[in-house]
Amino acid sequence: MNGLVTYITRRLGLTVLILLAVSFAVYVIFSLLPYDPAALTCGKSCNDPGIIAANRVRLGYDKPFWVQYWLFLSGLFVGRNFGTGAAAIFCPAPAFGYSFQQHACVTSLLGDALPVTIYLAVGALVLWLIVGVGLGIVSAKFKGKIWDTLSTAFVLVGTSLPTFLTGLMLIIFLVIKWDGSPFPSDGYTAPEEDFGQFLLSMVLPWITLAFAYAAIYTRFVRSQILEISTEDYIRTAKAKGLSDGVILGKHTLRAALAPIVTMAGLDFAGLLGGAILTEAVFNLPGMGRLSLTAVVDIDLPVIVATTIVAAAIVVVMNMILDIAYAFIDPRVRV
Amino acid sequence: MSLLSVRDLRVEFKTPDGIVKAVAGVSFDINEGETVAIVGESGSGKSVSNLAYMGLLPASRTTITGSVILKTDEGEVDLIGMDNDRLRKIRGKDIAMIFQDPMSALHPFYTIGDQLIEAHQVHNSVDKSASRKRAIELLSLVGVANPEERLAAYPHQFSGGMRQRVMIAMALMNNPKVLIADEPTTALDVTVQAQILALLRDLQKQFKMAVILITHDLGVVAGAADRVNVMYGGRLVESTGVNELYKNPLMPYTVGLLDSIPRMDQGHGKRLRAIPGQPPSLIKLGEGCAFAARCERKSELPEGRCDVSPELNEVKAGHLVRCHLYDSKGAAK
């Protein structure tokens with residue numbers, strides 16, 4: 001058990017270092033872009049040199065790169081003041097910057113968008129794991145039979161249909177063409193506002209997103225089970241006289257758990273950075289849409305923030321998976 | 001009536017290239033407390049013939065015919081064609097198996113204790129603590145030190161030899177009547193091989209079980225078996241007591257096998273001989289003698305004799321051989 005504590009501590013330390021490197025890399029890349037961040041603060045068509053100069057000082061863009069990066073980093077921990085005196089705007093920690101285009105601290109924009117994306121990703125994850133793992137098992141168990149063929153057809157459709165098409169079809173047939181459809185056509189309702197309405201507004205996005213992933217997982221789980229079934233220890237389990245159900249449920253699936261958890265964790269982390277297409281089709285104000293509008297408007301502080309947050313989620317998820325691995329696979333705990 | 005009686009066992013696999021006749025009519029018997037070694041090179045059908053009646057081959061692509069009669073407490077039963085649920089109750093209880101590679105034969109994610117207890121629980125409706133006691137008892141019997149502590153260990157925390165001991169303990173959890181040992185020492189160091197074989201011999205006496213020892217190594221057979229069945233091309237080609245086999249091998253293939261292993265009782269100067277050629281393809285196997293293409297004594301027989309398959313004949317008491325050199329119509333010596 002001592003080894004496990006050391007392992008986790010080391011992994012945590014490594015994660016902090018990686019996050020630091022990621023934030024630095026993102027910051028460097030965006031400082032190299034051929035845009036003057038100060039000029040962008042007053043809109044695309046603004047060229048009042050007075051305002052631009054004032055904003056440059058206010059946002060710290062007049063300072064050397066290292067100072068800017070330091071201000072950004074320290075802002076994450078203690079908050080940051082933009083400007084001085086009466087015109088100053090304070091963004092509390094963790095401050096990712098200030099968006100002049102949306103007139104808001106970036107952190108509060110993230111705070112609005114992230115929960116929406118989390119709801120979307122969690123619901124979809126649950127749905128696609130149930131469908132994908134279930135169908136994968138059925139498909140492997142009835143390999144070559146009609147159930148396997150049907151599920152292969154599902155996999156083919158699911159992997160080839162792009163999410164925006166699935167989403168639009170669902171909207172056309174279940175919202176627009178269906179009189180008295182229970183699903184709202186006007187986008188997102190927050191759960192604290194009206195939980196029933198929230199669920200209704202999320203069902204179609206969940207299905208849309210889960211559909212594509214469920215297909216991939218069906219294929220993955222099927223091939224995992226078939227591969228593990230040829231392992232020597234499965235033959236041992238059979239030779240012991242265990243029933244097919246116990247062999248599948250206890251021996252085969254236990255061995256398939258590690259790769260499935262890894263894949264699900266990484267896919268989930270990727271989605272938390274924003275499911276751009278699904279959010280766009282269903283008009284959900286999540287991370288994907290926040291990034292998309294930021295890119296369209298060249299809202300640099302928001303782009304930097306969403307990029308770093310998305311990367312951080314992946315890095316942290318990798319750490320969680322590594323630690324989870326130590327619990328799943330006894331060979332990792334030394 | 002012997003404990004296990006295999007009659008005209010045939011196993012065929014459907015493959016994209018054609019039908020593979022992996023086992024083409026094998027018959028043998030094994031009595032209580034006896035050890036029968038099944039010897040042959042890769043692809044001779046020695047493993048497949050035993051996996052087949054255990055129901056451990058993929059059912060969809062395999063055709064098994066013949067009969068395998070086992071004497072159980074409930075009378076004699078034929079394992080061939082038995083429905084899977086009944087066969088399952090015999091597997092691991094009346095007939096247990098150990099395999100070649102103990103590294104991969106144990107589940108890497110479960111403790112030794114889990115796996116041993118599971119083997120006992122599936123055939124006995126007793127308390128888990130009773131199974132646990134049995135597991136500790138058997139682990140100490142096979143020579144695992146501190147068995148009670150070791151129950152909580154995972155397979156990767158054991159050495160290869162120790163893992164094979166655990167496999168043996170697991171196979172013996174339910175006092176099997178027959179133990180099938182499929183190349184139990186092949187993956188182990190030579191020094192460990194001897195220990196495992198000695199252990200198997202000891203346990204066989206204690207448990208009064210029959211052992212089917214599948215191996216390609218005639219060196220392993222010498223000290224371990226009572227009777228030896230030599231297989232070639234999916235058939236038995238020679239079957240006799242172990243002493244008779246080493247003293248008086250008849251079939252040229254057996255002679256070749258014995259010439260290819262070093263022997264203490266022969267001079268150092270003698271070179272080991274290899275059998276020329278390759279094992280036959282089991283798809284294209286024709287009517288004639290399967291060994292003819294590699295046989296060094298083929299010329300002693302009249303032309304065309306080897307195009308007819310020889311029968312397994314008893315040439316003297318307890319010594320059966322499938323070879324035209326020893327049948328009445330052949331160039332009998």
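A crossing of two helices is left-handed if the near helix is turned anticlockwise from the far one by less than a right angle, and right-handed if clockwise. Helices (H or I, at least four residues) and strands (E, at least two) are DSSP runs, numbered from the N terminus. With those terms in hand, we can look at this model, which is predicted: local features need pLDDT of at least 70 and side-chain atom pairs count only at pLDDT 80 or more, while totals for chains, interfaces and linings use all residues. Residues are numbered from 1 along each chain as its sequence is written, and chains are lettered from A, ligands numbered from 1, in the order in which they are written.

In chain A, helix H7 (residues 163-176) and H8(A) make a right-handed crossing. Their axes come within 9 Å and cross at roughly 145 degrees; axes are lines fitted to C-alpha atoms, for helices over the stretch in contact, and angles run from 0 to 180 degrees between N-to-C directions. Two residues are in contact if their C-beta atoms, placed from the backbone, lie within 7 Å. On the H7(A) side the contact includes A:Gly167 and A:Leu170, and on the H8(A) side it includes A:Ile207 and A:Phe211. By class, the contact of H7(A) with H8(A) has eight nonpolar, four polar and no charged residues. Here Ala, Val, Leu, Ile, Met, Phe, Trp, Tyr, Cys and Pro count as nonpolar, Asp, Glu, Lys and Arg as charged, and the others, Gly among them, as polar.

Helix H8 (residues 195-229) of chain A also meets helix H5 (residues 106-141) of chain A, with axes that come within 6 Å and cross at roughly 35 degrees. The crossing of H5(A) and H8(A) is right-handed, and its contact holds 23 nonpolar, five polar and one charged residues.

## Where the chains touch

Chain A gives 17 residues to its contact with chain B, and chain B gives 22. On the side of chain A, helix H9 (232-239) and helix H10 (244-272) are the elements that give two or more residues. The largest share, six residues, comes from H9(A). Sorted by class, this side of chain A has five nonpolar, four polar and eight charged residues.

## The overall form of chain B

Chain B has 11 helices and 12 strands. Its C-alpha trace spans about 70 × 50 × 40 Å along the principal axes. With 333 residues, a compact globule would have a radius of gyration near 20 Å, and the 21 Å of chain B agrees with that. This radius is taken over C-alpha atoms, and the globule rule is 2.2 Å times the number of residues to the power 0.38.

## Strands of chain B

An open sheet of eight strands in chain B has mixed pairing and the order E6-E7-E8-E3-E9-E10-E12-E11. Two strands pair if DSSP finds at least two bridges between them. Strand E6 (95-98) and strand E11 (312-316) are the edge strands, each pairing on one side only. Neighbouring strands of this sheet are turned by 20 degrees against each other on average, direction ignored.

Strand E4 (residues 62-72) and strand E5 (residues 75-78) of chain B pair in the antiparallel sense over four bridges. E4(B) and E5(B) form a hairpin with two residues between them, and B:Leu70 is bridged to B:Val77 in E5(B).
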